[in-house]
Amino acid sequence: FTLILSGCGGGSASKDIKIGLLNEMTGGNATFGTSSANGAKMAIKEANAKGGVLGKQIQAVIADNKSEPSESVNAMTKLVTQDKVVAVTGIFASSNAIAASSVAEASKMPFLAVGATNPKVTVDEKSGKVKDYTFRVCFIDPFQGTVGANFVLSTLKLKQAAVLIDSSSDYSKGLAAFFKEAFTKGGGSILAEESYLQKDQDFKTILTKVKALNPQVIYVPGYYEEVGKIVKQARELGITAPIIGGDGWDSPKLVEIGTAPALNNTYFTNHYSVDDTSAASKTFVEAYKKEYGQAPDALAVLGYDAANVLIDAIKRANSTEAAKIREALAATKDIAAVTGSTTLNASHDAVKSAVIIEMKDGKQMYKATVKP
Ligand code: PHE
């Protein structure tokens, strides 16, 4: 039998190693959080089948942030104080990740964000310093916004844009700013900038203003709920211009809300496309379909990759001590992942390619891959 000593470093009192999966399980962005948790659960299941980590099985502790920053603080606090997990992965929305990260930093809890792309997730806004315990497995929005702007300028060859910003989201405000910067630098001009709020239902007032200026293209860096409504209402008003967005569009619900015909002539930048033909991707897509009966979206893949990167870091740390896991995360280099080989840079961000997706008759069509 094994003797288990309590009090020897984070969580080693139990026979399992506990990892927190903190996600948007309910609330306005539940499809994202559920996908991310499903991806992570699959990675943990696979790791456990191969003997777990440090000779122990991994136990996933699910926590729900209800798609809210304040609940993200509560959920992270609970994982730290009650569940005593050794590390946390999850969260896609930048505003929620920034909130959860404040607790992770204060309590020295290694936190690997999944899809949160705003720079402020890993860099402290006030001091400008890279945070100690917060990391992410995705690219960041200065890159994503530039990819979107270059696509409009070089591929669509359009130069006059309107931008619609969700002013309640750090993600939307950031991505809009990075798009504008790259777009104007590349010779484009911004004709109009309008704001909305998550949970708004009627976008026709701002869309009517935008329509009067006749922009060649509209950039909407929001989440699928609002984006679906915006695109549908734009087409109802007779706006035929292409509409462009970012990773926040990637949900099966986008077509349900926005409708297939309205979404024709729209494009968005993303982390991953199911049309990725790499061997790693094919194996993952098949395994995921078998487990959950549906194709993975970008967050499922990122959630899977994040859990694998974290498990690998715990292995390399050869310990469940927070400081050692933190060090191993910071040293993450060339880890094979489905979204591409993963290296975390000096600001704790992954440097990775983006893909461009076109919506066609309700389906996502892969258009291009853009390297960093
Ligand atoms: N990048 C978005 C954010 O930071 C979230 C997101 C990630 C959405 C991946 C969809 C897919 O808020």
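Here's a quick tour of one helix and a set of paired strands. The model is predicted, so local features need pLDDT of at least 70 and side-chain atom pairs count only at pLDDT 80 or more, while totals for chains, interfaces and linings use all residues. Residues are numbered from 1 along each chain as its sequence is written. Helices (H or I, at least four residues) and strands (E, at least two) are DSSP runs, numbered from the N terminus.

**Helix α6**

- Look at residues 204–213 and you'll find α6, where Ile206, Leu207 and Val210 are buried (20 or more other C-beta atoms lie within 10 Å of a buried residue's own, 12 or fewer for an exposed one, partly exposed in between, with C-beta atoms placed from the backbone).
- Seen down the axis of α6, those buried residues fall within an arc of 100° (taken from the directions from the helix axis to the C-beta atoms), so they line one face of the helix.
- On the face turned away from that buried side sit the exposed residues Thr205, Thr208, Lys209 and Ala212.

**Strand β11 and its partners**

- Strand β11 (residues 354–360) is largely enclosed by the rest of the structure, because 5 of its 7 residues are buried.
- β11 pairs with β10 (residues 266–270) in the antiparallel sense over 5 bridges (pairing takes at least two DSSP bridges between two strands).
- Asn270 has Val355 of β11 as its bridge partner.
- β11 also pairs with β12 (residues 363–370), again antiparallel, over 7 bridges.
- Glu358 stands opposite Met365 in β12.
- β11 and β12 make a hairpin with 2 residues between them, and Asp361 in the turn has a positive phi of about 45°.
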